[in-house]
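Colleague: I would like to go through this model and ask what stands behind each label. Please give the value and then the cut-off.

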Amino acid sequence: MYQNTPPRSTIRLTRRGRLVLIATGAVVAGTAVAVPLLMLDSGQGAKESTTLLIPEGWRAGQVYDAVDKALAQPPGTAKRSLAKAHLKLPNEAEGNPEGYLFPATYPLERNGRKTTPEALLSFMVDTANKKFNGAPIAAGAQRNAMNVYQAVTIASIVQAEAATKADMAKVARVVFNRLERGMPLQMDSTVNYALNRSTLRTTSADTRIDSPYNSYQRMGLPPTPIDNPGEDAMRAAIAPAAGNWLYFVTVKPGDTRFTDNFEEHRRNVAEFNKNQKNAAKQD
């Protein structure tokens with residue numbers, strides 16, 4: 001165990017790279033992304049869209065809901081269709097497509113006919129396989145002594161934790177450094193996934209939940225990806241930045257600080273908390 005690891009009851013890594021004291025909790029702002037199901041046709045009002053946009057970082061559940069709405073299917077249809085979709089997933093996934101529903105824009109019609117939920121989900125997985133199993137990603141994963149599925153899992157954490165695209169490679173390095181030192185990841189994004197929520201006040205009780213996705217209680221990576229990462233997060237996962245960082249905190253928008261020194265990190269956290277209090281007073 002790395003000797004500079006702080007007590008778990010004192011400090012933690014949080015979603016979007018924010019570190020805060022557990023005693024104060026952290027509000028994680030979930031971003032609602034509207035699925036563009038309608039588009040305006042000038043002079044004729046609205047008509048159905050012919051495409052579906054899946055944003056980076058959506059979880060499988062969000063994708064299923066979006067597919068159901070886009071295809072005007074009853075809720076739960078897309079998820080139930082997994083049994084007959086015959087998705088080409090890696091063996092490690094054990095039939096769970098999380099991480100492989102690749103974020104992109106997909107057609108809702110083919111040859112003039114509306115697609116089916118299983119065909120649409122298969123298209124997403126096939127797209128992921130093309131992206132992930134090509135030479136750059138596969139070779140990058142091997143270079144870092146991991147398989148592609150592990151790289152996708154790390155990328156999903158990076159997607160959830162990084163405040164900006166510029167932070168992704170550094171966040172990936174923190175993940176690698178913690179794993180290499182035998183430290184728990186202690187990331188709220190994994191707890192969010194276990195609790196199936198995105199906006200929450202994380203408490204010490206939350207970090208004690210019995211779940212394989214609880215990276216406070218379990219060592220190593222979670223058993224599956226926690227969302228569906230995009231290409232930027234994948235590139236960060238196979239090519240993390242060089243650095244010894246173990247902690248990171250977004251002190252204010254545009255100012256994320258990475259360090260390997262716990263005391264320096266505590267000062268950054270104190271500045272973060274001060275900024276949060278000032279912002280609350282102004283609201």
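Modeller: Of the 283 residues in the protein chain, 48% count as buried. The model is predicted, and the chain has ten helices and ten strands.

Colleague: What makes Tyr 100 and Tyr 149 a stacked pair?

Modeller: The structure holds eight aromatic pairs. In this one the ring centres of Tyr 100 and Tyr 149 are 6.1 Å apart and the planes are at 20°. Rings pair if their centres lie within 6.5 Å, and planes under 30 degrees apart count as stacked. Therefore the pair of Tyr 100 and Tyr 149 is stacked.

Colleague: Why do you say that this pair ties together parts of the chain that are apart in sequence?

Modeller: Tyr 100 lies in the loop between helix 3 (82-85) and strand 6 (105-107), whereas Tyr 149 is in helix 6 (residues 148-161). The pair therefore ties together parts 49 residues apart in sequence.

Colleague: How do you know whether Tyr 100 is buried or exposed?

Modeller: Its relative accessible area is 2%, and buried means under 20%. Tyr 100 is therefore buried. The reasoning carries over to Tyr 149, which counts as buried at 5% relative accessibility.

Colleague: What does Tyr 100 touch, leaving aside residues up to four places away in sequence?

Modeller: Its contacts include Leu 89, Pro 90, Met 124, Phe 132, Tyr 149 and Asn 228. Ring pairs also link Tyr 100, Phe 102, Phe 132 and Tyr 149 into a cluster.

Colleague: Which residues touch the most other members of the largest nonpolar core?

Modeller: That core has 58 residues, and those touching the most other members are Leu 52, Val 67, Tyr 100, Leu 121, Met 124 and Phe 132. Several helices each supply at least two residues of the core, among them helix 1 (60-70), helix 4 (117-132) and helix 7 (168-180). Helix 6 gives the largest share, nine residues. In soluble globular proteins, nonpolar side chains tend to be buried together.

Colleague: Why is the pair of Trp 245 and Phe 258 called tilted?

Modeller: The centre-to-centre distance is 5.7 Å and the angle between the planes is 55°. The angle between Trp 245 and Phe 258 gives a tilted pair. Trp 245 is in the loop between helix 9 (231-238) and strand 9 (247-252), and Phe 258 is in strand 10 (residues 255-259), 13 residues apart. With 16% relative accessibility Trp 245 counts as buried, and Phe 258 is buried with a relative accessible area of 12%.

Colleague: What makes strand 10 largely enclosed by the rest of the structure?

Modeller: Four of its five residues are buried, so strand 10 is largely enclosed. Strand 9 is mostly covered, with five of its six residues buried.

Colleague: How do you know that strand 9 and strand 10 pair?

Modeller: At least two bridges are needed, and these strands have five, in the antiparallel sense. Val 249 stands opposite Arg 257 in strand 10. The two strands form a hairpin with two residues between them, and Gly 254 in the turn has a positive phi of about 85°.

Colleague: What makes Arg 110 lie over the face of Phe 123?

Modeller: Arg 110 is at 4.5 Å from the ring centre of Phe 123, and the distance limit is 6 Å. Arg 110 is counted as lying over the face of that ring.

Methods: Residues numbered from 1 in each chain as written. Predicted model: local features only at pLDDT ≥ 70, side-chain atom pairs only at ≥ 80, totals over all residues. Heavy atoms only, no water. Phe/Tyr/Trp six-rings, centres within 6.5 Å; stacked < 30°, edge-to-face > 60°. Buried < 20%, exposed > 50% of the residue type's maximum accessible area, 1.4 Å probe, protein only. Lys NZ or Arg CZ within 6 Å of the ring centre and 35° of its normal. Core = buried A, V, L, I, M, F, W, Y, C linked by side-chain atoms within 4.5 Å. Contact = heavy atoms within 4.5 Å.
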